[in-house]
Amino acid sequence: MKIWVDADACPVVIKEILFRAAERTGIELTLVANQPIRVPPSRYIRSLQVAGGFDVADNEIVQRLSAGDLVITSDIPLAAEVLEKGGFALNPRGELYSAATIRARLNMRDFMDTLRASGIQTGGPAALSQSDRKAFADNLDKLLTKHCKQTH
């Protein structure tokens with residue numbers, strides 16, 4: 001298992017949780033972004049800068065992803081592609097996407113896009129709360145613990 005991060009929009013506090021998890025478990029963590037991303041010195045953590053442009057980082061993640069890998073993203077279409085390739089997708093609020101929930105999430109995303117296109121102000125997502133951070137850390141830990149038990 002490797003962990004891939006859609007890093008352009010990933011909150012700093014989530015990256016810090018991921019850095020600690022990579023060091024603790026020895027699982028390779030790669031942050032993919034179209035701008036330079038600072039990462040701590042580690043043999044498990046690296047960053048990958050891709051060209052700017054719409055979905056360039058997402059496409060790079062999907063191309064490099066193997067079944068069983070984990071992707072951290074709030075991008076619903078990327079999460080859907082990850083699931084199709086047999087990976088896991090976890091958003092920064094701690095929601096683990098699944099085949100059962102991804103279709104509804106894609107439909108809601110498309111609906112909100114339609115509202116915004118018609119001029120309706122929908123607002124953005126709420127700020128990341130302490131409970132969101134805890135949910136993320138808890139679900140990440142469950143996934144990594146399950147992986148570590150399977151490989152040992």
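**Salt bridges and an Asp-lined pocket**

Let's start with Arg 46, which counts as partly exposed at 32% relative accessibility (buried means under 20% relative accessible area, exposed over 50%, partly exposed in between, with a 1.4 Å probe and protein chains only). Before we go on: this is a predicted model, where local features need pLDDT of at least 70 and side-chain atom pairs count only at pLDDT 80 or more, while totals for chains, interfaces and linings use all residues. Residues are numbered from 1 along each chain as its sequence is written, and side-chain values use heavy atoms, with hydrogens and water left out.

So who is the partner of Arg 46 in a salt bridge? Meet Glu 28: the closest N and O atoms of this pair are 3.7 Å apart (a salt bridge is a side-chain nitrogen of Lys or Arg within 4 Å of a carboxyl oxygen of Asp or Glu). Because Glu 28 lies in the loop between helix 1 and strand 2 (29-33) and Arg 46 in strand 3 (residues 45-49), the pair ties together parts that are 18 residues apart in sequence. Helices (H or I, at least four residues) and strands (E, at least two) are DSSP runs, numbered from the N terminus. Glu 28 is partly exposed as well, at 29%.

Why can such pairs form? Side chains of opposite charge can pair when their charged atoms come close. The count here comes to five salt bridges. One of them joins Asp 141 to Arg 24, with the closest N and O atoms 3.1 Å apart. Here distant parts of the chain are linked: Asp 141 sits in helix 5 (residues 130-151) and Arg 24 in helix 1 (residues 12-25), 117 residues apart. Asp 141 is partly exposed at 36%, whereas Arg 24 is exposed at 54%.

Next up is Arg 93, which forms a salt bridge with Asp 132, their closest N and O atoms being 2.6 Å apart. This pair spans 39 residues, from the loop between strand 5 (88-90) and helix 4 (99-117) to helix 5. Is Asp 132 buried or exposed? Asp 132 is buried, at 15%, while Arg 93 is partly exposed, at 29%.

Finally, look at the second largest pocket, with about 230 Å³ of space. (On a 1 Å grid over the protein atoms alone, a pocket is an open set of points where a 1.4 Å probe fits, with protein on both sides within 12 Å along at least five of seven lines; lining residues have an atom within 4 Å of a point.) Its lining has 16 residues, with Asp 6, Asp 8, Asp 55, Asp 58 and Asp 75 nearest the centre. Helix 2 (residues 56-64) gives the largest share of that lining, three residues.

Technical notes
Points joined across faces, edges and corners; volume = space filled by probe spheres on them.
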